[in-house]
Amino acid sequence: MLSPKMIDALNEQINAEMWSAYLYLSMAMNFEDKGMSGVANWFRIQFQEEQAHAEIFMNYINQRGGRVVLKPIAEVPSEWATPLDAFHDTLTHEKKVTSLINNLFAMAEDEKDYATRDRLTWFVAEQVEEEDNAQQLIDKFTMIGNDGMGLYMLNQELGNRVYTAPSILAAD
Ligand code: MG
């Protein structure tokens, strides 16, 4: 049985994941508008991944007999001049999410809620990936600078990203 405090905290995290989804969808629309459909595609996939994160938490709360309560999603920024700006914001945001996950993990340990701690372990690893992905793209766009051919090719590369649902979601 989840404690009421844990249910509240997990519901907050669902909201944070949905906010992340909305943020990346906003980035996708920004780059769609700027004619960088590959970059837009990358963020669209990111949007789907964040929705999956929210779903994992929803399924978990339901599994444990808790009640999912969906709260309003706060407004997100809508304008990024360059992909580099957007990936800097992505890294900053993902670092924040990492600290949210760490706080939840600490709370689960505190409450001796080992099932929740176990589920959060997946997110701990996922955050390492998220931060690394953002950093790698910051490095790539920094290396390219304003080189048109480089930007063209990287845009193409990001257009190849495809969505795969996390296996943890398929297993639920
Ligand atoms: Mg997430």
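In sequence, the residues that donate to the magnesium ion follow the spacing E-x32-E-x2-H. The protein donors are Glu-17 through OE, Glu-50 through OE and His-53 through ND1, at 2.1 to 2.2 Å from the ion. A donor here is an N, O or S atom within 2.8 Å of the metal, or 3.2 Å for Na, K and Ca; water is not among the atoms, so sites may look incomplete.

A word on the source: this is a predicted model, in which local features need pLDDT of at least 70 and side-chain atom pairs count only at pLDDT 80 or more, while totals for chains, interfaces and linings use all residues. Residues are numbered from 1 along each chain as its sequence is written, and side-chain values use heavy atoms, with hydrogens and water left out.

Back to the magnesium ion, with Glu-17 and Glu-50 among its protein donors. This pair links distant parts of the chain, 33 residues apart: Glu-17 sits in helix α1, residues 4–33, and Glu-50 in helix α2, residues 37–63. Helices are DSSP runs of H or I with at least four residues, strands are runs of E with at least two, and both are numbered from the N terminus. Are the two glutamates buried or exposed? Glu-17 is buried, at 1% relative accessibility, and Glu-50 is buried with a relative accessible area of 1%. The cut-offs are under 20% for buried, over 50% for exposed and partly exposed in between, with a 1.4 Å probe and protein chains only.

Next, salt bridges. The whole structure has 7 of them, each defined as a side-chain nitrogen of Lys or Arg within 4 Å of a carboxyl oxygen of Asp or Glu. One of them joins Glu-49 and Arg-161, with the closest N and O atoms 3.4 Å apart. Glu-49 is in helix α2 and Arg-161 in the loop between α5 (148–159) and α6 (167–170), so this bridge ties together parts 112 residues apart in sequence. Both Glu-49 and Arg-161 are buried.

Lys-140 and Glu-157 form another bridge, 2.8 Å from N to O. It connects helix α4, residues 114–144, which holds Lys-140, to helix α5, which holds Glu-157, across 17 residues. Lys-140 is partly exposed at 31%, and Glu-157 is partly exposed at 41%.

Last, Ser-37, which is in helix α2 and partly exposed at 43%. Beyond its neighbours within four places in sequence, Ser-37 contacts Phe-31, Glu-32 and Asn-155, where contact means heavy atoms within 4.5 Å. Ser-37 and Gly-159 are 122 residues apart in sequence, yet 6.8 Å apart C-alpha to C-alpha.
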